[in-house]
Amino acid sequence: VYVAPQNGNWIKAVRYWLTHLIEALRPLPAVLGGLIGTLTYVFGMRLTGLGSVEEQFNSAQWKTALVPPWESLIKAVAALFDPSSQYFSSNVINFAALAFVVVMGILMLRRLKPQYTLFLWVTVLFILLRSYADIQLHGMLRYAVAIFPAFVMLAALLSGQNRAARLWRMVYIGIGIGANIVFLLLFVWWRWIS
């Protein structure tokens, strides 16, 4: 079982993994599974005559395009400064969801298994490769829920027994319940769909 090195002692951790190479490679099929599934999907579309993923995304119905990740980030930040847009609230919510995932990803670098960190950053990269014409980071709130290592890290941060940790847990629960009620009502009234 992997344990993050204490006090930043990465040299001992690397030495341990080099001496236990088979154990280190054991999670490799799980890591490569996503890549193999994606490649199967992409080549399967071509073999069945459906074209490429980019052709499908660029169709009029989807209003999406494959772009470099920094282009998505630049457009998302620019959208935060356009309150006149009809999609302003969606853009703010999506950016906040991305910010949460990125902050948790940075915090987890030294606290969680490397596989979790790899999953989080690769998923964020794939999300940033897609640009939607109207809403920036479209669906990020929905995608953030699937990036479970961010919530594992949040749970680790809120798991303390001191007074501050208990207070932050209550704040998190209150915000979570409130947000769920608001999003549920917006969904029921057809005002918001993730």
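Predicted model: local features only at pLDDT ≥ 70, side-chain atom pairs only at ≥ 80, totals over all residues.
Start with the rings. A pair of aromatic rings is described by the distance of the centres and the angle of the planes. Searching the whole structure turns up three aromatic pairs. Take Tyr 116 and Phe 148. Their ring centres lie 5.7 Å apart, and their planes meet at 85 degrees. An angle over 60 degrees counts as edge-to-face, so this pair is edge-to-face. The two partners come from distant parts of the chain. Tyr 116 belongs to helix H7, residues 114-128, while Phe 148 belongs to helix H9, residues 148-158. They are 32 residues apart.

How exposed are these two residues? Tyr 116 has 27% relative accessibility, so it counts as partly exposed. Phe 148 has 41%, and therefore also counts as partly exposed.

Phe 148 has another ring partner, Phe 119. Here the centres are 5.2 Å apart and the planes are 40 degrees apart, a tilted pair. This pair, too, links distant parts of the chain: Phe 119 lies in helix H7 and Phe 148 in helix H9, 29 residues apart. Phe 119 is at 34% relative accessibility, so it counts as partly exposed.

One more ring deserves a look. The charged end of Arg 142 sits over the ring of Tyr 143, 5.1 Å from the ring centre.

Now turn to the nonpolar core. The largest one holds 19 residues. Those with the most contacts inside it are Leu 98, Val 101, Leu 120, Val 124, Leu 137, Met 140 and Ile 147. Which helices supply at least two residues each? They are H6 (88-108), H7, H8 (140-146) and H9. Helix H6 gives the most, with five residues.

Beyond its neighbours within four places in sequence, Leu 137 is in contact with Ala 76, Asn 94, Phe 95, Leu 98 and Leu 128. Of these, Leu 98 is itself among the core residues with the most contacts.

Finish with Asn 91, in helix H6. Is Asn 91 buried or exposed? At 4% relative accessibility, Asn 91 counts as buried, because the limit is under 20%. Its contacts, again leaving aside neighbours within four places in sequence, are Ala 79, Leu 80, Ser 85, Ile 135 and Gln 136.

Key. Residues numbered from 1 in each chain as written. Heavy atoms only, no water. Phe/Tyr/Trp six-rings, centres within 6.5 Å; stacked < 30°, edge-to-face > 60°. Helix = DSSP H or I, 4+ residues; strand = E, 2+ residues; numbered from the N terminus. Buried < 20%, exposed > 50% of the residue type's maximum accessible area, 1.4 Å probe, protein only. Lys NZ or Arg CZ within 6 Å of the ring centre and 35° of its normal. Core = buried A, V, L, I, M, F, W, Y, C linked by side-chain atoms within 4.5 Å. Contact = heavy atoms within 4.5 Å.
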